[in-house]
Amino acid sequence: TGAVQANVHRSWLRLGLIGLAVFAAGLALAWFFATWFARKLEGVRDASSALGRGDLGARAPDEGPRELREVAATFNTMAATLTANLEAQRDFLANASHELRTPLTGLKLRLEALKEQGGEVGAQAEKAEAELDRLSELVDGLLELARASSADPTGRSVDLTEAARAAVQRWTEPAERAGKRLRLAGEAPAGVW
């Protein structure tokens with residue numbers, strides 16, 4: 001029985017070593033495929049990062065296993081749709097803003113001619129011209145929006161004190177007509193931007 005037991009123990013040891021070798025080979029193979037798949041996935045990650053930074057031409061490479069190709073194709077479809085929508089929005093804003101400028105300029109010229117007449121007509125023309133100037137500012141804002149619709153918008157400094165004064169000046173008369181009093185309380189420190 002001693003020889004039989006020794007053979008059984010050697011067989012168990014061989015089976016254990018074979019099992020350990022198969023397990024190690026499986027781990028190595030899994031590590032290899034996981035690394036390969038992760039490298040292929042980096043293309044999708046890089047494309048999504050580039051798209052997030054504003055590169056509308058960024059597309060994921062269509063390579064690797066079927067599942068990864070499907071993810072890349074879906075990402076590329078989304079990126080193309082997003083790019084088309086953003087470009088259509090920019091075009092619309094730019095065209096609408098430019099189309100509004102021509103009638104606004106014509107209207108401003110007519111109001112200036114009426115203002116020259118003086119009297120009540122001139123006073124009303126002057127008020128209408130002030131409202132027209134506000135409308136022109138809105139059109140300028142639309143143009144700025146069209147230019148700035150990217151991931152890296154360029155900003156500009158705004159004097160908040162002056163903006164508050166302009167708002168009070170613009171809304172004082174409508175507030176008085178409504179029976180309200182509008183005033184700017186206190187004074188902001190110099191250079192509040």
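Colleague: How do you know that the distance between the end C-alpha atoms of H1 agrees with its 51 residues?

Modeller: In this predicted model, the 51 residues of H1 should span 75 Å at 1.5 Å a residue, and the end C-alpha atoms are 72 Å apart, which agrees.

Colleague: Why are H1 and H2 called roughly parallel?

Modeller: Helix H1 (residues 2-52) and helix H2 (residues 66-117) pack at an angle of about 5°, with their axes 11 Å apart; angles under 35 degrees count as roughly parallel, and H1 and H2 are therefore described in that way.

Colleague: Which residues of H1 are buried, and what do they pack against?

Modeller: The buried residues of H1 are Gly43, Val44, Ala47, Ala50 and Leu51, and they pack against H2. The contact between the helices includes Val44, Ala47 and Leu51 in H1, and Val71, Phe75 and Leu82 in H2; its residues divide into 12 nonpolar, 1 polar and 1 charged.

Colleague: What makes glutamate 63 and lysine 40 a salt bridge?

Modeller: Their side chains meet at 3.9 Å, N to O, and the rule asks for a nitrogen within 4 Å of a carboxyl oxygen. Glutamate 63 lies in the loop between H1 and H2 and lysine 40 in helix H1, so the pair ties together parts that are 23 residues apart in sequence.

Colleague: Why is lysine 40 called partly exposed?

Modeller: Lysine 40 has a relative accessible area of 22%; since buried means under 20% and exposed over 50%, lysine 40 falls in between and is therefore partly exposed. Glutamate 63, at 39% relative accessibility, likewise counts as partly exposed.

Notes: Residues are numbered from 1 along each chain as its sequence is written. This is a predicted model: local features need pLDDT of at least 70, side-chain atom pairs count only at pLDDT 80 or more; totals for chains, interfaces and linings use all residues. Side-chain values use heavy atoms; hydrogens and water are left out. Axes are lines fitted to C-alpha atoms, for helices over the stretch in contact, and angles run from 0 to 180 degrees between N-to-C directions. Helices (H or I, at least four residues) and strands (E, at least two) are DSSP runs, numbered from the N terminus. Angles under 35 degrees count as roughly parallel, over 145 as roughly antiparallel, 65 to 115 as roughly perpendicular and the rest as oblique. Contact means heavy atoms within 4.5 Å. Ala, Val, Leu, Ile, Met, Phe, Trp, Tyr, Cys and Pro count as nonpolar, Asp, Glu, Lys and Arg as charged, and the others, Gly among them, as polar. The expected span of a helix is 1.5 Å times one less than its number of residues. Buried means under 20% relative accessible area, exposed over 50%, partly exposed in between (1.4 Å probe, protein chains only).
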